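Have the viewer open as you read.

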Amino acid sequence: MPTVSVVIPALDDAEMLSQCLTALAAQLRPAEEIIVVDNGSTDDTAAVARAAGARVVEQPRRGIWPAASTGYDAATGDIIARLDADSRPPADWLLHIEAELLDAPEVGVLTGPGVFYDGSTVVAGLGQVLYIGGYFWSMGLWLGNAPVFGSNFAMRREVWLDARSRVHRDRSDIHDDLDLSFHLGLDVIVRYDERLTVGISARPFSTWRGFGRRLGWAYTTLAMHLPEQSPWRRRVDRRRRAHEQERDVPGVA
């Protein structure tokens, strides 16, 4: 059976992290290791992580991508799963991930949506439809496959080892999950499963400043991948890759 590592980047989020780790402790299929990447916290984040049995890895360079990539590098599991400090996974989250990846060895990355558990009804509703729904729809069209959602996904270890040298892991002004999506190998299958859900916080959308910052990250991430990763270029490259694989199959002219 595969081993599973869960990576959680965290910055000054001890209270939320405690609830996330409590949810992980209640998993029907426990993780072999939980790695909390302390991104320079000044509160009790590291102490909370250690008290819950997690391994703490330090990454002083601020930013989700520097922290997340440090965690992926440190992970030893066959499957690397990812949550945010304010994520609340259901009890069957890891069980679902393991079962689906065992059943579909061709799938390299499994991802699913988040469901807001706090915030006003209006904020949560708009975030659910426009932010999460819009992300999967628009980026799915752009990429030609489902995008990775950073608050809720799992990838095989070899997928990360292949992509880690191509991603912009030192950038703090881009979306780490979208950048990873752009730099996955063309033959990596990303499966979106709407049944694989986790609870997420609406805190990032509670102010216009927070919402605007994330829109800015999206613009920067997309702009830096043009024209090499434009939708039409990706489709041409994908067709070329498919033709190359067909020629490599014995008996195929």
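## Where H3 meets H7

In H3, the residues Ile 64, Trp 65 and Ala 68 touch Asp 176, Asp 179 and Leu 180 of H7 (contact means heavy atoms within 4.5 Å). That contact splits into four nonpolar, no polar and two charged residues, with Ala, Val, Leu, Ile, Met, Phe, Trp, Tyr, Cys and Pro counted as nonpolar, Asp, Glu, Lys and Arg as charged, and the others, Gly among them, as polar.

This is a predicted model: local features need pLDDT of at least 70, side-chain atom pairs count only at pLDDT 80 or more, and totals for chains, interfaces and linings use all residues. Numbering starts from 1 along each chain as its sequence is written, and side-chain values use heavy atoms, leaving out hydrogens and water.

## Two cores

A nonpolar core here is a set of buried Ala, Val, Leu, Ile, Met, Phe, Trp, Tyr and Cys residues joined through side-chain atoms within 4.5 Å; buried means under 20% relative accessible area, exposed over 50%, partly exposed in between (1.4 Å probe, protein chains only).

| Core | Residues | Members include |
|---|---|---|
| Largest nonpolar core | 41 residues | Val 6, Ile 8, Leu 24, Trp 93, Ile 97 |
| Another core, apart from it | 25 residues | Val 7, Ala 74, Val 167, Leu 180 |

## His 183

Back in helix H7 sits His 183. Is His 183 buried or exposed? It counts as buried because its relative accessibility is 11%. Its side chain makes a 2.9 Å polar contact with that of His 225 (a pair of N or O atoms within 3.5 Å; within protein, one must be able to donate a hydrogen and the other to accept it, and residues adjacent in sequence count only if both atoms are side-chain atoms).

Definitions and conventions: Helix = DSSP H or I, 4+ residues; strand = E, 2+ residues; numbered from the N terminus.
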